[in-house]
Amino acid sequence: MGIILYKEPKLEKPDMIACWPGIANIGVIAIDTLMGQLGAEELGEIEPWDFFYPRRVIIKAGVLEDLEFSRSKFYYKRLESKDLLLFIGEEQPTDGGRIYAEGIKAYQMANLVLDVAERFGCRRVYTSGAAVALTHHALKPRVWAVTSRDDLNKEVKGYDNTILMSEIEGTVDGGSITGLNGLLLGLAKKRGFEAICLMGEIPDYLSRAPFPYPRASKSVLEILASFLRIEIDYRALDEMAVQIDDIIDGIYEEFSSEIKERLDQRKSIMQAKPETITEEDEKWIKEHIDELFKKGGSADEQPS
Amino acid sequence: MNSPLKFSWQPELQRSSLVVGWSGDASKLGAKVTDYLNRKLGGQSFCEIEPVEFFPLGGVAIEDDLVQFPESKFFLCPRQNLVVFSGTPPSYQWYKFLNLILDTAEHYCHVQELHTIGGMVSLSAHTAPRELMGVSNSPGLKAALSHYKLAMGLDYETPPGQRPTLNSFLLWAAKRRNMPGVNLWVPIPFYLVPVDDPKAQRRVLEFLNQRFDLGIDFSDLDEEIEQQNQIIAEMRHSFPHVDESISMLESNLRPSEEESQRLVIETEKFFREKRD
């Protein structure tokens, strides 16, 4: 079980941004877009076989040529303002059929990621994910933030469209961040890193959708760009958002008028105290959502 | 943590081969073949892998009114220098589990060659011959096996949405430590998946018998094949729709999904009644 580094560049106190797949892949898409724009270079990877069951075998003329696993890769980029380490995991290691990692494998992987951060002198670690919220898809997703220290909370509050988790209606007493995007945050704190998690809002009724939610990825990326003091071209995300909006609008039209009415109220009250859908509505959406999304025509893979 | 390997005794072997079969494949082919080898060759269990790290153990499964509990055991057939591993596929920590098999094989038994057994579901009739297919992890072993009746020209990539078999994972892990190995695959007619397929068992065993010069007399298995053929003939006679579906398969035609499902259910039911 280990780390393979392809090279060992000299980096000046880099920040690390790390992410694994989760709801609507909000964090992964944000970081993937960032990496593409920055032209980040490959740095290394975590050996996969201790963490994952293989996903593809390649046999040629009766000889097993290779076995492919989900990758967990590191990248880096030297920026004018700040050097950067990036990490994207294609899958969360689980002990069985769960989607989100937990237990010893999750702990081991999170520590390996932080080992690399430490090795390159990193002091701050960002993770990213989704915040399932009582919001509406017509509203710009906010970014919920959780950090490891009070002074970081103050810093985070200085950015537009960012809200601390404690300021969200119904989360005064706290909440939780499931899987490795949360666990890394906790372990980073334990190991003395500054840790910040940025979670893009996704409406509760879309949280099981088998397609990405690029509007939330964009919101996350905007905050990251502010932190890093860099310019980002959002055109690709905007184009993706237009396509997804069409699918969502089509599905939304199929909701009953009562549900739509309640959800539409969220737009006008600007999330100050949004209307919760009733248990009955929630049940209806859960029962019908897969069918509705299928009609929406997405080919995205459900995590399994 | 203590090693999950529990030895009851340690074999002394200078050179051996390993045969691996799992309980989870089509028609339980792997488990049936390894059981047969142990029975015929006097295989003695010398080591097992403790289940706690690899299985959920949140209860037990029941199959045919019998409690099922994960078992992962090594047997030694001393006269033939053959090591047999028979096990339940682990639920997690796959790589660690597979390496425990290979560690035991390599360090305690000096295994030179790995053979795994797997059944795969086929849209064929039970009357069709069972072709034995091989996938090796080394061109050298592939060449060495060329004079056996073994189809070894497969090109394959796992289709989207599916995962490789545990045997492929094991073969790859063996390759990483330069242990040559071959996965042996036999197509099992889909309606025999819930029951036994002694014909498929015989096909694999014939190969192993020849490869390791085991000197096995297969008359008991031949009798079993004959009995199964009689039961199926009786079933065909009793149920015209079953006969029709099997006849279609014999003519290389594909019955409808509904007919196929019915054939599976009727076959399982008929065999159960015959054996009760």
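Residues are numbered from 1 along each chain as its sequence is written, while chains are lettered from A and ligands numbered from 1 in the order in which they are written. Because this is a predicted model, local features need pLDDT of at least 70 and side-chain atom pairs count only at pLDDT 80 or more, whereas totals for chains, interfaces and linings use all residues.

**Exercise 1. Describe the make-up of chain A.**

Step 1. Start with the elements: chain A has eight helices and eleven strands. Helices (H or I, at least four residues) and strands (E, at least two) are DSSP runs, numbered from the N terminus.

Step 2. Turn to burial. Of the 304 residues in chain A, 43% are buried. A residue is buried if 20 or more other C-beta atoms lie within 10 Å of its own, exposed if 12 or fewer, and partly exposed in between, with C-beta atoms placed from the backbone.

Step 3. Look at the contacts in chain A with a separation of 6 or more: 75% of them join residues 24 or more positions apart. Two residues are in contact if their C-beta atoms, placed from the backbone, lie within 7 Å.

**Exercise 2. Is A:Tyr107 exposed, partly exposed or buried?**

Step 1. Count its neighbours. A:Tyr107 has 16 C-beta neighbours inside 10 Å, so it counts as partly exposed.

Step 2. Check across the chain. A:Leu180 is 73 residues apart from A:Tyr107 along the chain, yet their C-alpha atoms are separated by 8.4 Å.

**Exercise 3. Work out how chain B meets chain A.**

Step 1. Count both sides: 25 residues of chain B and 17 residues of chain A take part in the contact.

Step 2. Name the leading element. On the side of chain B that touches chain A, H4(B) gives the most, with five residues.

Step 3. Sort by class. This side of chain B holds 13 nonpolar, seven polar and five charged residues. Ala, Val, Leu, Ile, Met, Phe, Trp, Tyr, Cys and Pro count as nonpolar, Asp, Glu, Lys and Arg as charged, and the others, Gly among them, as polar.

Step 4. Look for pairing between the chains. Strand E4 (residues 56-60) of chain A pairs with E10(B) in the antiparallel sense over two bridges, and A:Ile58 stands opposite B:Glu157.

**Exercise 4. Why is strand E8 of chain B described as largely enclosed?**

Step 1. Nine of the twelve residues of strand E8 (residues 111-122) of chain B are buried, so the rest of the structure largely encloses it.

Step 2. Find its partners. Strand E2 (residues 16-22) of chain B pairs with E8(B) in the parallel sense over six bridges, and strand E11 (residues 181-189) of chain B pairs with E8(B), also parallel, over nine bridges.

Step 3. Follow B:His115: it stands opposite B:Val19, and its bridge partner in E11(B) is B:Val182.

**Exercise 5. Judge the confidence in chain A.**

Step 1. The average pLDDT of chain A is 86, and 84% of the residues score at least 70. pLDDT is the predictor's confidence in each residue, from 0 to 100.

Step 2. Compare elements: helix H8 (residues 279-296) of chain A has the lowest mean pLDDT (58), and E3(A) the highest (98).

Step 3. Over residues 271-275 of chain A the pLDDT is below 50. Where pLDDT is low, the predicted coordinates should not be read in detail.

Definitions and conventions: Pairing = 2+ DSSP bridges.
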